[in-house]
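Here's a quick briefing on how this one packs together. Have the model open while you read.

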Amino acid sequence: MLLSRYFLPVLRETPKEAEIVSHQLMLRSAMIRQSAAGIYSWLPLGYRVLRKIEQIVREEQNRAGAIELLMPTLQSADIWRQSGRYEDYGKEMLRIQDRHERDLLYGPTNEELITEIFRESVKSYKDLPKNLYHIQWKFRDEIRPRFGVMRGREFLMKDAYSFDLSVEDARKAYNRMFVAYLRTFARMGLKSIPMAADTGPIGGDLSHEFIILADTGESQVYCHKDLIEGKVPAADSDFDGDLSPIIKAWTSKYAATDEKHDPERFEEEVPAAKRVSARGIEVGHIFFFGTKYSEPMGAKVQGPDGNMVTLQMGSYGVGVSRLAGAIIEAGHDEAGIVWPVPVAPFETALINLKAGDKATDEAAIGMYQQLRQAGIEVLLDDTDERAGVKFATMDLIGLPYQLIVGPKGLKQGEVELKDRKSGERQSLSPEAAINQLIVCIESQRVPV
């Protein structure tokens, strides 16, 4: 992509309404623009990041055996009345009526709708187990939306729902999602820690939040230091096999959010040198809630003995749009964003320091074409801005690498390759720079 043809309205000043780093940088780097309180338009740069996050989530859900579908944003109030949650949910639910005065709502979650779909479609235990998921926009009317996409009213979410015949099978479904989540966040360059958590309005008796540590996190968290460097399950993990050893390895050491924290147990179980107390950001939440929805909504199947059995259910959420902000909170410096390769909007910047100079233009275009042919996502700055402005813009938007082409370097047969994260710069021949860049990017695309 040529920057001269791209839509990238960056801001040089930090907007006053932006309180935390991710909100500030997402606005400044032209990833988002606010449309209303807690509601954002995703501009081209941000939309590319959003789609990359979404695809990683999708790939790991599919790997774990979940099946994708798509449910609507608007839901009938009737099914929420069946579950008993329509009145209980409170003012966070956006309630509306259509022209026929039928009660509808903008879905904040989808337990009721997926239960209705499954109830009407599956009648026998032979069709179990199943895990169905979608990636769809949700709306919760937060009383005080803040922190940009970290706590907005409209957000993109992956929510999956498992259906099983027995509690034992449902726990296996829970374990599959547990492992899938560890892999999902690791692929985005994040270190996530599963922590015992309250179930909240979803309900149930088993729940884990997946937390990444960040100074601007919304909650206090406590954990054993070893969990921060925990081994992420491999891509070839057997999701049909026994995953309990993996679950045990990640849950045997102390880890809890503030709501579940037990100070005495923390001090007893964790050596002083291994105690971690920090702020954390929730990026995923999984629940096993048994028959909380299937019982009142009559979701049953015929069991092996011919008797009707109420389904055991779980739900599993990932905040896709929230993750864009969380990744920035975990990866930035004073100059701007520092994207991991797997979620970067482009994998490298190519900076032409003297657009309009024939030799520099030819070299930049030639390298641009070579990178594209090699499958590298490259953003070529071919504008006539000053060098300082170009560097500031590329540091701000945080592409993992910068390949810098200028007339002085070309006379010496060299270009400069900069690693955005480390700041390391190398002067190399154009051919060597391209080869090294390709190797670096390809090696980081799927880090686990």
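For the helix pairs below, an axis is a line fitted to C-alpha atoms over the stretch in contact, and angles run from 0 to 180 degrees between N-to-C directions. Keep in mind that this is a predicted model.

**Helix 5 and helix 6**
- Helix 5 packs against helix 6 (residues 244-251) at about 60°, and their axes sit 10 Å apart.
- That angle makes helix 5 oblique to helix 6, and the crossing is left-handed.
- On the helix 5 side, the contact uses Asn-175, Phe-178, Val-179 and Leu-182, and they meet Ile-246, Ile-247, Trp-250 and Thr-251 of helix 6.
- Sorted by class, that contact has six nonpolar residues, two polar and no charged.

**Helix 2 and helix 9**
- The axes of helix 2 (residues 44-63) and helix 9 (residues 320-330) come within 9 Å and cross at roughly 110°.
- Since 65 to 115 degrees counts as roughly perpendicular, helix 2 is roughly perpendicular to helix 9.
- This crossing is right-handed.
- Helix 2 brings Val-49, Leu-50, Ile-53 and Glu-54 to the contact, while helix 9 brings Val-320, Ser-321, Leu-323, Ala-324 and Ile-327.
- The tally here is seven nonpolar, one polar and one charged.

**The cores**
- The largest nonpolar core holds 84 residues, and Met-31, Ile-53, Met-188 and Trp-339 touch the most other members.
- Helix 5 (residues 167-187) gives this core its largest share, ten residues.
- Beyond its neighbours within four places in sequence, Trp-339 is in contact with residues including Met-31, Val-49, Ala-324 and Ile-327.
- Another core lies apart from it, with 24 residues, among them Leu-105, Leu-113, Met-297 and Met-313.

Notes: Residues are numbered from 1 along each chain as its sequence is written. This is a predicted model: local features need pLDDT of at least 70, side-chain atom pairs count only at pLDDT 80 or more; totals for chains, interfaces and linings use all residues. Side-chain values use heavy atoms; hydrogens and water are left out. A nonpolar core is a set of buried Ala, Val, Leu, Ile, Met, Phe, Trp, Tyr and Cys residues joined through side-chain atoms within 4.5 Å. Buried means under 20% relative accessible area, exposed over 50%, partly exposed in between (1.4 Å probe, protein chains only). Helices (H or I, at least four residues) and strands (E, at least two) are DSSP runs, numbered from the N terminus. Contact means heavy atoms within 4.5 Å. Angles under 35 degrees count as roughly parallel, over 145 as roughly antiparallel, 65 to 115 as roughly perpendicular and the rest as oblique. A crossing is left-handed if the near helix is turned anticlockwise from the far one by less than a right angle, and right-handed if clockwise. Ala, Val, Leu, Ile, Met, Phe, Trp, Tyr, Cys and Pro count as nonpolar, Asp, Glu, Lys and Arg as charged, and the others, Gly among them, as polar.
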